[in-house]
Structure formats: C-alpha cells, structure tokens
Amino acid sequence: LKVFQPYMGLLPEDETKSWSEATYNKCDVNSCWELYGIKDRNNYPSTGSTYHMRISVKEENAINWVTNWTENEKPTCPGHPYSSISESHSPLKQDIIWNISY
C-alpha cells in the first residue's frame with residue numbers, strides 16, 4: 001500500500017497536505033489479531049494466522065529500525081495458540097513476521 005498524502009488526500013489542504021509536516025515525523029507500525037469472546041481452543045481459528053509486515057525507505061539508514069518486536073498481550077484461554085515473531089532488516093527495509101499457530 002502506498003499512500004501519497006495523509007489521510008489519502010481526503011482532508012482539506014488547510015488541515016493537512018504533506019507527509020513532510022512535523023506531525024508525521026514519527027510512525028508506529030503494528031499488527032493486531034482481534035478476537036473477542038474466546039473461551040477455549042474450539043473458538044480460535046483452526047488455521048492460526050501469519051502477518052508479514054515490510055517497511056521500506058528510499059534512502060539507506062533513514063530509519064533506526066526497532067528490532068525487539070514483542071507481543072504486548074498474551075492469550076490466557078485454555079488451548080491458546082503459540083506465537084513467534086522474527087525480524088530482519090537491511091539499510092533499506094525491515095521485515096517482521098508474526099506467526100500464530102498451534
């Protein structure tokens with residue numbers, strides 16, 4: 001996904017018009033497995049889930065990559081799936097893979 005203007009250009013230009021505005025100097029990237037009302041393993045999707053996030057930049061070393069990706073919420077329901085997060089990066093891109101499985 002490439003978004004060339006903040007809010008995909010839907011806001012009036014007097015509110016925001018460019019990614020170069022100071023408010024956009026920081027970006028947080030994350031993923032979330034939204035499941036509600038889970039009581040046991042039978043309620044979880046049987047296939048688990050895999051998220052692959054790629055962040056890329058045009059100039060080498062433009063970002064100091066965060067490399068210690070972790071979960072901030074862990075499931076506690078009986079039979080919950082397990083997860084692993086891996087990270088790799090180069091001066092131009094970072095890949096994060098979050099695998100949720102049984």
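Select W98 to start: at 11% relative accessibility, W98 counts as buried. Buried here means under 20% relative accessible area, exposed means over 50%, and partly exposed lies in between (1.4 Å probe, protein chains only).

A note before moving on. This is a predicted model, in which local features need pLDDT of at least 70 and side-chain atom pairs count only at pLDDT 80 or more, while totals for chains, interfaces and linings use all residues. Residues are numbered from 1 along each chain as its sequence is written, and side-chain values use heavy atoms, with hydrogens and water left out.

**Stop 1: the ring partner of W98**

Y51 and W98 form a stacked aromatic pair, 5.1 Å centre to centre with 25 degrees between the planes. Rings of Phe, Tyr and Trp (its six-membered ring) pair if their centres lie within 6.5 Å; planes under 30 degrees apart count as stacked, over 60 as edge-to-face and the rest as tilted. Y51 sits in strand β1 and W98 in strand β3, so the pair ties together parts that are 47 residues apart in sequence. Y51 is partly exposed, at 21% relative accessibility.

**Stop 2: the sheet**

Now show the strands. Helices (H or I, at least four residues) and strands (E, at least two) are DSSP runs, numbered from the N terminus. Two strands pair if DSSP finds at least two bridges between them. Three strands form an open sheet in the order β1-β3-β2, with antiparallel pairing. At the edges are β1 (49-56) and β2, each pairing on one side only. Neighbouring strands are turned by 10 degrees against each other on average, direction ignored. That angle uses axes that are lines fitted to C-alpha atoms, for helices over the stretch in contact; angles run from 0 to 180 degrees between N-to-C directions.

Select residues 82-89 for β2 and 93-101 for β3: the two pair in the antiparallel sense over eight bridges. They form a hairpin with three residues between them. Find H89, which stands opposite Q94 in β3. On the β1 side, β1 and β3 also pair antiparallel over eight bridges. There, M53 stands opposite I96 in β3.

**Stop 3**

Centre on V57: leaving aside neighbours within four places in sequence, V57 is in contact with A62, I63, W65, P91 and L92. Contact means heavy atoms within 4.5 Å.

**Stop 4: D95**

Go to D95 in strand β3. Is D95 buried or exposed? At 10% relative accessibility, D95 counts as buried. Its side chain makes a polar contact with the side chain of H52 (3.0 Å). A polar contact is a pair of N or O atoms within 3.5 Å; within protein, one must be able to donate a hydrogen and the other to accept it, and residues adjacent in sequence count only if both atoms are side-chain atoms. Not counting residues up to four places away in sequence, D95 touches H52, M53, R54, S86, E87 and S88.

**Stop 5: before β1**

Select L35, in the segment before β1. L35 is partly exposed, with a relative accessible area of 29%. Beyond its neighbours within four places in sequence, L35 is in contact with Y44 and P45.

Finish on Y44. Ring pairs link Y44, W33 and Y102 into a cluster.
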